[in-house]
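Please walk through this fold with the model open beside the text.

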Amino acid sequence: MAPPRRFAAAHRRCPGSAGAAWALVALAWLAGCTRVDDSTDPDSSSAADASQASDSAGPLDVPYFDTAKDAKPDSDAVAEAGPAAKELCGNNLDEDGDGLIDEAGCYPGPNLRADQVWTDLGTIDLANAAGPAALRTFGASVKNQGILAVARDISPSKGYVWAETLVSPSGLQVLSPGAWTTSGNRGYVGLGQSTLLFGMAPQVSVVAGPWSLGFTRAATTPPSYKGTPLAGRLHVGVVSRPELPINQVGKLDLDVFCVGGVPMPCAELANSAPWKKIVGRIDAVWKAAGLQLGEVTLVDLSGEEGVKFKYLDNVFAGDSSNELNAVYAATGKLRPQSTAATLVLVAAIQDNGVIAAAGLSQLGGVAGYAGQRLGGMAVAIQEDQWQVALKQPPESAYAGDVWGLVISHEIGHFLGLWHTDESDGSLHDPIEDTPLCDKVGEVLTPALCPVQSKYLMFWSPKGGTLTAGQSKVVRLSPAVR
Ligand SMILES: [Zn+2]
C-alpha cells in the first residue's frame with residue numbers, strides 16, 4: 001500500500017499558539033462559547049469580561065460521565081452471553097475474534113433515528129509509549145454519508161481525548177498526528193470525550209470506502225502533545241446516516257428545556273411573541289445553509305432541579321460541582337428515548353458565581369445522547385432582558401437579535417462548525433469561503449472586524465451570515481435529517 005499523502009489543508013496562516021495564549025482561547029474552541037459584547041447588548045458587557053477571566057483560570061473541559069457506572073456490568077454481559085464465542089464486556093479480550101474488543105454494546109451509543117446506524121468499534125488500549133494510537137476502520141457506504149465518530153475515555157482517570165488520525169479510502173491523510181491545528185478535519189478536543197465529524201472542511205470529500213480513524217488520549221492538549229499517549233482505554237463508536245439529498249432541506253430536531261421556568265413555563269413560552277421571533281430568526285439564518293428546525297419539543301424542568309439549575313454554575317469545573325453536566329443529566333431523565341439535540345434555557349451560565357458565557361455547545365454534537373453534554377447546548381436568557389422582549393412591538397427584531405442569533409451560533413457548533421476566528425486570532429476555521437480577520441496580536445472585537453463579525457460563527461457574532469462551505473459541512477452532521 002502506498003504511504004498516505006499528507007493533506008494540504010492550511011490555506012490560512014495558523015500561528016503557533018502555545019501556553020497561556022492557547023489556554024485563553026481553548027475554552028472557546030472546546031466548549032463553543034458565544035460571548036456577547038456590549039455593542040448590541042448593554043446588559044452583558046460584564047459577561048464578556050468575566051468570561052475572559054474565567055478562560056485563563058479554568059480547566060479546558062470537564063468529563064461528564066463516571067464511566068464505571070456507564071459501562072455495562074460484567075455480570076449482565078455474562079448472563080446474556082450465548083453458547084458460542086461471544087464478546088464479553090469489560091475483560092479487554094477479543095472473544096469473538098473479530099479484531100475488536102468489547103464492541104458488543106458494552107458501552108451504549110446514542111438513541112438512534114430510523115435513518116441512523118451506530119457502529120460500535122469497541123475499546124482501544126493506549127499503551128504508554130510513543131507512536132500513534134491504534135487505528136480502527138469505518139466503512140462509508142455512500143458518498144457524502146453523514147459520519148460522526150465518538151470517543152469516550154473509560155479509564156479510571158480522564159485524559160484529553162481527540163482524533164489525531166483520519167485517512168480516506170484513497171489514502172489521503174486528512175488528519176495527521178501532530179497536525180491538529182492546521183488540519184482541515186480538526187475535531188473536538190475534550191477532557192474525557194471527543195467527537196470527529198468527517199468532512200469538517202468542504203475540501204475533505206466524504207467518499208465511500210474504508211476510512212482509518214485513530215483517537216488518542218493524553219495529559220496535554222494537541223499543541224503541546226509530544227506523541228506519547230496516556231495509558232488507558234477509550235471506547236469508540238460511529239453514528240452515521242445516508243447522504244442528505246442535495247435538494248432536501250435538512251432538519252434538526254430539538255428538545256428545548258425551560259429550566260426553572262426560564263424564560264417562562266413551556267406552555268406559555270410556546271405561545272409567546274419573543275419565542276416565535278427566536279424560532280423565526282433561527283430558521284431564517286439556517287435557511288441559507290439548507291437547514292431548518294425540525295420537531296421542536298418544549299419540556300419543563302421544574303421542581304428542585306429546576307430551581308437548582310436555573311442559574312447554572314461551575315460550568316467549567318472538572319468535578320461533580322459542574323452543573324452543566326448535571327442539568328443535562330436531569331433533562332435526560334425527562335426525555336430518555338429522545339433522538340433530538342438538547343437545548344437547555346437557563347437564566348445564567350456562570351462559573352464560580354460569575355457570568356461565564358451567553359451560550360455553550362458541544363462542537364460536533366451527538367443528537368440523541370440524552371443526558372450527556374455530548375448531546376447538548378445551553379443558552380442563557382436573562383430574566384430582565386426577557387421582560388424587555390415581552391414589551392416589544394410586534395415588528396421588533398429584539399428577541400431574534402438577542403437569542404435567535406446565539407442559539408443559531410450554538411447550533412452551528414453542534415453541527416461541526418468552528419469559530420471563523422477565535423478571539424485572539426490564533427486559530428481560524430478550515431473553511432475557505434469564510435472571511436478571516438487577520439489582525440495579529442489583538443483581541444478580535446466586532447468593532448475591529450466589522451465585516452467578519454457579521455458572520456454567524458465569528459467568535460462574537462453580530463450577524464447570521466453563513467457560507468456555502470459551512471453549509472456543506474453542517475449537512476454532513478448525522479444530527480441533521
Ligand atoms: Zn462559539
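What share of the contacts in the chain with a separation of 6 or more comes from residues 24 or more positions apart? The share is 74%. Keep in mind that this is a predicted model. The chain holds 11 helices and 18 strands. Of its 481 residues, 54% are buried.

Start with a sheet of 5 strands. The sheet is open, its pairing is mixed, and its order reads E12-E11-E14-E18-E17. Strand E12 (291–301) and strand E17 (359–361) are the edge strands, each pairing on one side only. On average, neighbouring strands here are turned by 20 degrees against each other, direction ignored. Now look at one pair in detail. Strand E11 (residues 250–259) runs parallel to E12, and 9 bridges join the two.

A second open sheet has 3 strands. Their order is E13-E15-E16, and the pairing is again mixed, as in the sheet above. E13 and E16 stand at the edges with a single partner strand each, so one side of each is left without a neighbour in the sheet. Strand E13 (residues 311–312) pairs with E15 in the parallel sense, over 2 bridges. Leu312 has Ile349 in E15 as its bridge partner. On the other pairing, E15 and strand E16 (residues 354–357) are antiparallel, with 3 bridges. Here Asp351 stands opposite Val354 in E16. The hairpin of E15 and E16 has 2 residues between the strands, and Asn352 takes a positive phi near 50 degrees in it.

Is it covered on one face or on both faces? In a regular strand, side chains alternate between the two faces of the sheet. Both faces of strand E15 (residues 348–351) are covered. Ala348 and Gln350 are buried on one side, and Ile349 and Asp351 are buried on the other.

Turn to the helices. Helix H6 (residues 273–287) has 15 residues and reaches 21 Å from its first C-alpha to its last, close to the 21 Å expected at 1.5 Å a residue. Its buried residues are Pro274, Trp275, Lys277, Ile278, Val279, Arg281, Ile282, Val285 and Trp286. What covers them? The cover includes helix H5 (266–270), E12, helix H9 (383–390) and helix H10 (398–414). The edge strand E12 of the 5-strand sheet is thus among the elements that cover H6.

Helix H8 (residues 323–334) has 12 residues. From first C-alpha to last, H8 reaches 17 Å, close to the 16 Å expected at 1.5 Å a residue. Glu323, Leu324, Asn325, Val327, Tyr328, Ala330 and Thr331 are buried in H8. An α-helix has 3.6 residues a turn, so residues three or four places apart point the same way.

In soluble globular proteins, nonpolar side chains tend to be buried together. The largest nonpolar core here has 121 residues, and those with the most contacts inside it are Val259, Leu345, Val346, Ile349 and Val379. H10 gives the most to this core, with 8 residues. Why does the core lie between domain 1 and domain 2? Domain 1 (19–59 + 244–481) and domain 2 (116–241) both give residues to it, so it lies between them. Take Val346 as a way in. Leaving aside neighbours within four places in sequence, Val346 is in contact with Val259, Val262, Phe309, Lys310, Tyr311, Leu312, Ala378 and Ala380.

Two residues remain. Pro242 lies in the loop between strand E10 (232–241) and E11. With 15 C-beta neighbours inside 10 Å, Pro242 counts as partly exposed. Beyond residues up to four places away in sequence, Pro242 touches Asp115, Val142 and Gln145. Pro242 and Gln116 are 126 residues apart in sequence, yet 7.7 Å apart in space, C-alpha to C-alpha.

Gln173 is found in strand E6 (residues 172–175). With 19 C-beta neighbours inside 10 Å, Gln173 counts as partly exposed, because a residue needs 20 or more to be buried. Gln173 and Ser212 are 39 residues apart in sequence and 9.2 Å apart in space, C-alpha to C-alpha.

Conventions. Residues numbered from 1 in each chain as written. Predicted model: local features only at pLDDT ≥ 70, side-chain atom pairs only at ≥ 80, totals over all residues. Pairing = 2+ DSSP bridges. Helix = DSSP H or I, 4+ residues; strand = E, 2+ residues; numbered from the N terminus. Axes fitted to C-alpha atoms, helices over the stretch in contact; angles between N-to-C directions. Expected span 1.5 Å × (residues − 1). Buried ≥ 20, exposed ≤ 12 C-beta atoms within 10 Å, placed from the backbone. Contact = placed C-beta atoms within 7 Å. Core = buried A, V, L, I, M, F, W, Y, C linked by C-beta atoms within 7 Å. Domains from an automatic or database assignment.
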